[in-house]
Amino acid sequence: GIIILDFGSQYNQLIGRRIREMEVYSEIVPFNTPLDEILAKKPAGIILSGGPSSVNAPDAHLVEKELFDSGIPLLGICYGMQLTAHLLGGKVSKGVKGEYGKAELEIVRSNPLFTGVPRKSTVWMSHFDEVEEVPEGFEISGRSGVIAAMANEKKNIFAIQFHPEVTHTEEGPKMLENFVLNICKAEKNWKLTGYIDRTIAEIREKVGDEKVILGLSGGVDSSVAAVLIHKAIGDQLQCIFVDTGLLRKDEGEKVMENYGEHFHMNIDMVDASERFLSKLKGVSDPEEKRKIIGKEFVAVFDEESHKFEGAKFLAQGTIYPDVIESQSVKGPSAVIKSHHNVGGLPEEMKLQLLEPLRELFKDEVRKVGEELGIPHHLVYRHPFPGPGLGIRVLGEVDAEKVKILQEADDIFIQELYANKLYDKVSQAFVVLLPVKSVGVMGDERTYEYTAVVRSANTIDFMTATFSKLPWEFLENVSNRMINEVRGINRVAYDISSKPPATIEWE
Ligand code: XMP
């Protein structure tokens, strides 16, 4: 397969996915992974990714120079190009203003990376530093305003300043394909049906006759993991579904119907809503609420799992991006996201982990889910945060507000499906503000809460734009909410993007 050395660019996962789409295995490892460990994986090619640091900085992210003598084809992207130039004796300097956004690439000397690529095309740039002089043995192969590409064909080392993995780079897919399939001649052996069969066999082998417990949330990852494991070991799998009372409307019933009845899985449903609500009483700080919900979840799950004595394994829906994030050199983006995962499980549980989706990207998890017979709408559900409606009822949470929010949110989601908009947005939900305002209904003055409709479009959830939903659609959603949900008399639409806003309100 292809190894991607991670220097911290937010686009790295995209590179990994693009390669897997070619049915070639790709793996993302931290840039400071020792060279012999990298070579032991026998990669067909190595990509040096982009990243936020500067090769001239005292604490620059470097690699062992011998990497360039390994004989393995290399592709440096953005920072990866600067690093290649820097380590091999070229010169990298601070640009005057940097280049951000679209630029025109002109190929000045073609090479195997550019086979089938027109002389001029649009590329996506995002850099401040630039290569000023290419190292010995290299030729300049492309220019934008700056040296945009260089290569040492004899050594199979290629480098580009722009990002081929970003959709704005017109010929990006072609270039990546040239590198992976023609230059590296990587084997096409990454097929998801093969993955399912192999993983089922592995689960059977590992688990034997033992029992496995799994926390089923109804979200994509835990559901696909559950169905896959169930397929492997049947009733040896016991799912636990914790109803925190902070879930979407009728979530518990739907999970029982979709996975209990349809897939015949054993699901123990725990109604813990009162426990959660009473712990949240009087608390309005978002981080405090997150901590309480996370802690309570672990406590409930722990108690419940003791009912299933003799379980030897704990299954989790960990997916590849979770693995990459947990191993990554903590860039600023990693810190921003650290609060997102509801705490781990207590050490003393002494269960062995079973994580059958650890190698898969989200879109691969979805494909596996569909392959396993999970209906499309379940596999393509929007993400839902661990603390759930606990952070969508702004400020202090109580049962009444949760109920109001569930009803309003349900209307919005129903309408998105009905108007075929659900799959066009990345995440959509309603937020309940703790503010009352005056309205009029019939002849009466009302004084009720405000609901905010939020919908975002994003690839990676790190940056996002608000969805431009049609006015008529929003009008209908607003009318329905105000007419059908007691407690709401005003609906607002969130038109902020991330950054500087976030997708959630808390
Ligand atoms: P923000 O609000 O940071 O959200 O733009 C980005 C993505 O993360 C989700 N999110 C969370 N997920 N626990 C989670 O499991 C959390 O505490 C949490 N906070 C935000 C959010 O729904 C969006 O998909």
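Start with helix α1 (residues 12–21): 7 of its 10 residues are buried, so the helix is largely enclosed by the rest of the structure. Its buried residues are Asn-12, Gln-13, Ile-15, Gly-16, Arg-18, Ile-19 and Arg-20. Here "buried" means that 20 or more other C-beta atoms lie within 10 Å of the residue's own, "exposed" means 12 or fewer, and "partly exposed" is in between, with C-beta atoms placed from the backbone. This is a predicted model, so local features need pLDDT of at least 70 and side-chain atom pairs count only at pLDDT 80 or more, while totals for chains, interfaces and linings use all residues. Residues are numbered from 1 along each chain as its sequence is written.

**Around α1**

- The cover over the buried residues of α1 includes β1 (2–6), β2 (26–30), β3 (45–48), α4, α10 (320–327) and α12 (362–371). Helices (H or I, at least four residues) and strands (E, at least two) are DSSP runs, numbered from the N terminus.
- After α1 comes Glu-23, which has a positive phi near 65 degrees.

**The annotated active site**

- UniProt, in an unreviewed entry, lists Cys-78, His-163 and Glu-165 under "active site". These three span 88 residues in sequence, yet no two of their C-alpha atoms are more than 11.3 Å apart, so they gather at one spot. UniProt positions follow the numbering used here, feature names are shortened, and annotations may be inferred rather than shown by experiment.
- His-163 sits in the loop between β9 (157–160) and α4 (172–183), and it counts as buried with 23 C-beta neighbours inside 10 Å.
- Setting aside neighbours within four places in sequence, His-163 is in contact with Tyr-11, Gly-50, Ile-77, Cys-78, Trp-124, Ser-126 and Thr-169. "In contact" means that the two C-beta atoms, placed from the backbone, lie within 7 Å.
- Glu-165 is in the loop between β9 and α4 and is buried, with 26 other C-beta atoms within 10 Å.
- With neighbours within four places in sequence left out, the contacts of Glu-165 are Tyr-11, Leu-14, Ile-15, Arg-18, Gly-172 and Leu-176.

**The annotated binding site**

- The "binding site" annotation in UniProt (unreviewed entry) covers Ser-217, Gly-218, Gly-219, Val-220, Asp-221, Ser-222 and Ser-223.
- Asp-221 belongs to helix α6 and is buried, with 20 C-beta neighbours inside 10 Å. Not counting residues up to four places away in sequence, Asp-221 touches Gly-317, Ile-319, Leu-357 and Val-365.
- Ser-222 lies in helix α6 and is buried, with 21 C-beta neighbours inside 10 Å. Leaving aside its neighbours within four places in sequence, Ser-222 has contacts that include Leu-214 and Gly-317.

**The nonpolar core**

- The largest nonpolar core has 119 residues, and those with the most contacts inside it are Val-212, Leu-214, Ala-226, Ile-229 and Ala-408. Helix α6 (residues 220–233) gives the most to this core, with 9 residues.
- A nonpolar core is a set of buried Ala, Val, Leu, Ile, Met, Phe, Trp, Tyr and Cys residues joined through C-beta atoms within 7 Å.
- Beyond neighbours within four places in sequence, Ala-408 is in contact with Val-430, Ala-451, Met-481, Val-485 and Ile-488.

**How α8 meets α9**

- The axes of α8 (residues 273–280) and α9 (residues 286–305) come within 10 Å and cross at roughly 145 degrees. Axes are lines fitted to C-alpha atoms, for helices over the stretch in contact, and angles run from 0 to 180 degrees between N-to-C directions.
- On the α8 side the contact uses Arg-275, Phe-276, Lys-279 and Leu-280, and on the α9 side Lys-289, Ile-292, Ile-293, Glu-296 and Val-300.
- By class, this contact has 5 nonpolar, no polar and 4 charged residues. Ala, Val, Leu, Ile, Met, Phe, Trp, Tyr, Cys and Pro count as nonpolar, Asp, Glu, Lys and Arg as charged, and the others, Gly among them, as polar.

- The peptide bond from Lys-498 to Pro-499 is cis, with omega near -15 degrees, and Pro-499 lies in the segment after β18 (488–493).
- Pro-499 and Pro-500 are joined by a cis peptide bond with omega about 5 degrees.
- Asp-250 is not a glycine but has a positive phi, near 55 degrees. Asp-250 sits in the loop between β11 (237–243) and α7 (251–261) and is exposed, with 11 other C-beta atoms within 10 Å.
- Phe-461, also not a glycine, has a positive phi of about 65 degrees. Phe-461 is in the loop between β16 (444–457) and β17 (465–466) and counts as partly exposed, with 16 C-beta neighbours inside 10 Å.
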